[in-house]
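Subject: Structure for you to look over

Hello,

Here is the structure I promised to pass on. Please open it first, then read my notes below.

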Amino acid sequence: ISQGVPDFTNSDILASFTDADRDMQCFWETFPAKEGTTMYMFTYCDADESRVTFDGFLESFLKSLPQYCKERLEAGEQIGIEMSAEEVRAVREGAEGDSEAFFANLKFKRLLFGAFPSYKQCPLNSP
């Protein structure tokens, strides 16, 4: 994300702030990047038809992004990481219901998502 979220200068690995839904717990990772911030939201799940679709998972990411940024910001404040007043205001407004303003300022450098399939019985032959 190149604009619209705080420039987090440290990493956040395996953060979670929501309850499990449909037997899936979402985890977040954040890393400083050359041109903004790299953020991941991921989960571990099987391929059961009741699981969320790719479109639904992307929607969950976008819906949760303002709240994750707020949680991340508050955690950073607790350990002494300072943010500009503008970054703090934008994140708090987005997490407290003004998501339209939050997303109006958001600019993605790249938006990627995918799946890593797994199998009960591996289709590959191994020695």
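A residue is called buried here when its relative accessible area is under 20%, exposed when that area is over 50%, and partly exposed in between. By that rule, buried residues make up 30% of the 127 residues in the protein. Please keep in mind that this is a predicted model.

**Overall layout**

The protein has 3 helices and 3 strands. Read from the N terminus, their order is β-β-β-α-α-α. Along the principal axes, the C-alpha atoms fill a box of roughly 55 × 30 × 25 Å.

The accessible surface comes to about 9,100 Å². Carbon and sulfur atoms account for 50% of that surface. On charge, there are 12 positive and 22 negative side chains. The centres of these two sets lie 4 Å apart.

**Thr37 in the strand region**

Start with Thr37, which sits in strand β3, residues 36–42. Is Thr37 buried or exposed? Thr37 counts as buried, because its relative accessibility is 2%. Which residues does Thr37 touch, once those up to four places away in sequence are set aside? The list is Ile1, Val5, Pro6, Asp7, Phe8, Thr30 and Phe31.

**Cysteines**

How many disulfides does a search of the whole structure find? The count is 0. Cys26 is in no disulfide, and its nearest cysteine sulfur, that of Cys45, is 9.1 Å away. The surroundings of the two can be compared by accessibility. Cys26 is buried, with a relative accessible area of 15%. Cys45 is partly exposed, at 40%.

**Salt bridges**

The structure holds 2 salt bridges. Glu35 forms one of them with Lys109, and the closest N and O atoms are 2.7 Å apart. This pair links distant parts of the chain. Glu35 is in the loop between β2 (27–33) and β3, while Lys109 is in the segment after α3 (99–104). They are 74 residues apart. Glu35 is partly exposed, with a relative accessible area of 44%. Lys109 is partly exposed too, at 46%.

Glu74 forms a salt bridge with Lys70. Here the closest N and O atoms are 3.2 Å apart. Why are Glu74 and Lys70 separated by about one helical turn? They are 4 residues apart in helix α1, residues 54–78, and that spacing is about one helical turn. Glu74 counts as partly exposed, at 25% relative accessibility. Lys70 is buried, with a relative accessible area of 16%.

At 27% relative accessibility, Leu62 counts as partly exposed. What is Leu62 in contact with, leaving aside its neighbours within four places in sequence? The contacts are with Phe103 and Phe108. Leu62 and Phe103 are 41 residues apart along the chain. Their C-alpha atoms are separated by 8.9 Å.

**Helix α2**

Last, look at Glu86 in helix α2, residues 85–95. Glu86 counts as exposed, because its relative accessibility is 58%. Glu86 and Pro6 are 80 residues apart in sequence. In space they are 9.2 Å apart, C-alpha to C-alpha. Pro6 has already come up, as one of the residues that Thr37 touches.

**Where to look**

For a quick pass, I would view these places in turn:

- Thr37 in strand β3, with Phe8 and Phe31 among the residues it touches.
- The salt bridge of Glu35 with Lys109.
- The salt bridge of Glu74 with Lys70.

Best wishes

Terms used
Residues are numbered from 1 along each chain as its sequence is written. This is a predicted model: local features need pLDDT of at least 70, side-chain atom pairs count only at pLDDT 80 or more; totals for chains, interfaces and linings use all residues. Side-chain values use heavy atoms; hydrogens and water are left out. Helices (H or I, at least four residues) and strands (E, at least two) are DSSP runs, numbered from the N terminus. Buried means under 20% relative accessible area, exposed over 50%, partly exposed in between (1.4 Å probe, protein chains only). Accessible areas come from the Shrake-Rupley method with a 1.4 Å probe; for residues, only the protein chains shown count as cover. Lys and Arg count as positive and Asp and Glu as negative; His and the chain ends are not counted. The place of a charge is taken as NZ of Lys, CZ of Arg, CG of Asp or CD of Glu. Contact means heavy atoms within 4.5 Å. A disulfide is a pair of cysteine sulfur atoms within 2.5 Å. A salt bridge is a side-chain nitrogen of Lys or Arg within 4 Å of a carboxyl oxygen of Asp or Glu.
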